[in-house]
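Me: I'd like to learn how to read cavities and domain contacts in a model. Can you walk me through one?

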Amino acid sequence: MQKKATTSRQRRDDVLALPIVLDPAVRSQSLQVHGALRTGIVDGLLVPGLRLPSTRVLAEQLGVRRNAIVAAYEALLSDGLVEARHGAGTYVAAQLPTPRTPVPAAELDIRIPQTRPFALGVTLVDPVVLKRLAAASRRRIAQAAPADLGYADPRGSLHLRTQVARYLAANRGVRCDPSCILIVSGTQHGLRLCIDALLKPGDAVWFEDPGYVASRHTLSTTGARLVPVPVDNEGIVVSAGEKADATARAVYVTPSHQFPTGVAMSMARRIGLLDWARRANAYIFEDDYDSEYRFAGPPLTALAGIGGERVIYLGTFGKTLFAGLRLGYLVAPPALVARVVAARAAQDRFPPAFIQDALADLMADGVIAAHMRRMRPRYRQARDVVAEALAKHAKGLLQLSAPAQGLHLLATLPPRTPKGAARLIRERAGIECRLLSDARLVQRGPDGFILGYSGFAAKDLADAARRLGRAAQEVLRDVGASRVQKV
Ligand SMILES: Cc1ncc(COP(=O)(O)O)c(C=O)c1O
């Protein structure tokens, strides 16, 4: 009789060989069993009310220690996924959430710059600098004190802020105390902080037209009312801004190297803009994104260096080093620091700690300055290669503005070129670049190509420029050369 009872219980356990698979990548046996059973229950493979095998039988079936099964059952009990019935064993809980199959998000139109000329936002990554950054990061992590592992100042590392303050004083004419600097994850993030701290939804903001698309998105998605203000060969036309909306709350500008035209704002315009900001009690968001790469003459003084109290200065390591670093800095006038810091603390509290100090170590050791000195002639050469190849192959159909600074140039099509021709030319040339029309708020004047040259080998740039020049000739011939004037 006794023998018969044992046999039937064994058979019942045999029938219940569970269809679960352990994940050998998980170190602990109990976590493996818990994970496998949880997945089986949540996915509906192990149905409500199902009696689970005894710990001994399941341990044998899975080839693990019995203790691991006991611990896994206890964890499932705490999860509420199983129920223990006194003297009768462990059962899958009667009430379970409906099984859910993960659903992927809808396909998104996310533009990530690729590696083809003339993508913007690509730089040459110096392996020496990467090695030094890796070594400094390792050292910083290995030597971390308990305070380095906890919460920190929302402004970021004092070490990095001190280095940035020194860099700005020496190179940009911006004299500021490190307490007024915030380390941010790039220009867009800095701009977002300015908006959160200083503007209300619906506030009017002057925006350079044409201008930087990412900043335009940041401003418009946060509810700013963009006022397009044209740009001429002296920079933003302040009088046009005043005519459009003299009471705007802020202006976003790229004074050292207007994006995308490449114009440097004249001193008269700088003074005019600062005067307007004082009168209107408005803020100036100065995006100084690529001033470290100036090819002729001394670097231009930043607006923040001449008209401090209304200017919030935004700088980035995305051009100095590479965009994936996601590090930049914001300099606020002392009276505004508390508001910007409060906005930062309400977002993600503070920037990741170790990489900031590692970068500051490299700045202090002169590694970054040496990198910029090495890159400057290479980028200038890249600019010249593109300009020469386009002059040769576009046969006067593209007007170039190859500025004395920066990492892109603008090639404009002739007046009266039919709409859509730029897109066709880009396609035919097999290049990757933004069109001037993408950067415009108000469509006026001919379209053109914003050509990033900083991240590519000279021969690839020459080849792409040749294709662009030829494609311009072919497409303009096809669409009717008679309507197009050479430039
Ligand atoms: C006008 C302008 N501002 C800023 C940046 C840098 O932005 P971020 O620091 O967010 O990478 C770029 C990069 O291409 C730019 O073109």
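**Cavities and a domain contact**

Reply: The largest cavity holds about 60 Å³ of space. This is a predicted model, where local features need pLDDT of at least 70 and side-chain atom pairs pLDDT 80 or more, while totals for chains, interfaces and linings use all residues. Residues are numbered from 1 along each chain as its sequence is written, and side-chain values use heavy atoms, leaving out hydrogens and water.

Me: How many cavities of 30 Å³ or more does a search of the whole structure find?

Reply: Rolling a probe the size of a water molecule over the atoms shows where empty space is left. Here a cavity is a set of points, on a 1 Å grid over the protein atoms alone, where a 1.4 Å probe fits but cannot get out; lining residues have an atom within 4 Å of a point. Points are joined across faces, edges and corners, and a volume is the space filled by probe spheres set on them. The search finds three cavities of that size.

Me: Which residues lie nearest the centre of the largest cavity?

Reply: Leu 120, Gly 121, Lys 319, Leu 407 and His 408, out of 13 lining residues. Domain 2 (151–365) and domain 3 (372–483) each supply at least three of the lining residues; those bounds come from an automatic or database domain assignment.

Me: What salt bridge joins Asp 209?

Reply: A salt bridge puts a side-chain nitrogen of Lys or Arg within 4 Å of a carboxyl oxygen of Asp or Glu. The Asp 209 side chain pairs with that of Arg 444 at 3.3 Å, N to O. Between domain 2 and domain 3, the count is one salt bridge.

Definitions and conventions: On a 1 Å grid over the protein atoms alone, a cavity is a set of points where a 1.4 Å probe fits but cannot get out, and a pocket is an open set with protein on both sides within 12 Å along at least five of seven lines; lining residues have an atom within 4 Å of a point.
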